[in-house]
Amino acid sequence: MTDKTPAQTCPEARISSPTTERNGRAVVDINQYTPYFLSAVNNKLSRGASQLYLERFGIGIVDWRVISMLAIEPWIAAARICQVVELDKAATSRSLSKLSEQGILDHEISEQDIRRRTWALNDKGYALHDAVLAVALDRENTLISGVEPQDLEIFLKVMRQMHGNLAQMD
């Protein structure tokens, strides 16, 4: 019979240190500090995607996030987009207005509250979604190039765990 002990987890069992010493004081070690890498990768990805999508499709990264969310869940309110995609209300509202003016969205107004709308992509919106998605998937392929498949799955598992832990930080 094997004695199973629970696996040690971070932060107690962490191997690397998120800090280093500089002039006798602890400072962030950007080569080991998880939030730095998350931020740096996200910022570079977002800037590059926004520039590329603006040049090719006339939309920015916030617009793409709104479009992709509406493809996943059609006929949802702006608040739902904000909740899932972690966008602020003002940015989401500006994007919905812009995309509506471009003729790629349809909306319905609530009978109970005329200020509440639900949104969905129309045929033109889905065509744009499909074109941007192809580019987005190519960018993802470049990002994960050279990563072992099992390492990618572990990374995704870790990212889901950290995403779940965010609720404890607020």
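## Strands and hairpin

Two strands pair if DSSP finds at least two bridges between them. In this predicted model, strand β1 (residues 19–22) and β2 meet that rule: they pair in the antiparallel sense over four bridges. Within the pairing, Glu 21 stands opposite Ala 26 in β2.

β1 and β2 form a hairpin, with two residues between them. Asn 23 sits in the turn and has a positive phi of about 55°.

## A nonpolar surface patch

Val 28, Ile 30, Tyr 33, Tyr 36 and Phe 37 make a nonpolar surface patch. Its area is about 430 Å².

Tyr 33 is found in the loop between β2 (25–28) and α1 (34–57). Phe 37 is found in helix α1. Phe 37 is in contact with Ile 30, Asn 31 and Gln 32, leaving aside neighbours within four places in sequence.

## Aromatic rings

A pair of aromatic rings is described by the distance of the centres and the angle of the planes. The count here comes to three aromatic pairs. Tyr 36 and Phe 37 form an aromatic pair, 5.3 Å centre to centre. Their planes are 70° apart, so the pair is edge-to-face, a label that needs an angle over 60 degrees.

Elsewhere, Tyr 53, Phe 57 and Trp 64 form one aromatic cluster.

Note on methods
Residues are numbered from 1 along each chain as its sequence is written. This is a predicted model: local features need pLDDT of at least 70, side-chain atom pairs count only at pLDDT 80 or more; totals for chains, interfaces and linings use all residues. Side-chain values use heavy atoms; hydrogens and water are left out. Patches are made of residues with over 30% relative accessible area and no salt bridge: like charges are joined within 9 Å, nonpolar side chains (Val, Leu, Ile, Met, Phe, Trp, Tyr) within 5 Å. Accessible areas come from the Shrake-Rupley method with a 1.4 Å probe; for residues, only the protein chains shown count as cover. A salt bridge is a side-chain nitrogen of Lys or Arg within 4 Å of a carboxyl oxygen of Asp or Glu. Contact means heavy atoms within 4.5 Å. Rings of Phe, Tyr and Trp (its six-membered ring) pair if their centres lie within 6.5 Å; planes under 30 degrees apart count as stacked, over 60 as edge-to-face and the rest as tilted.
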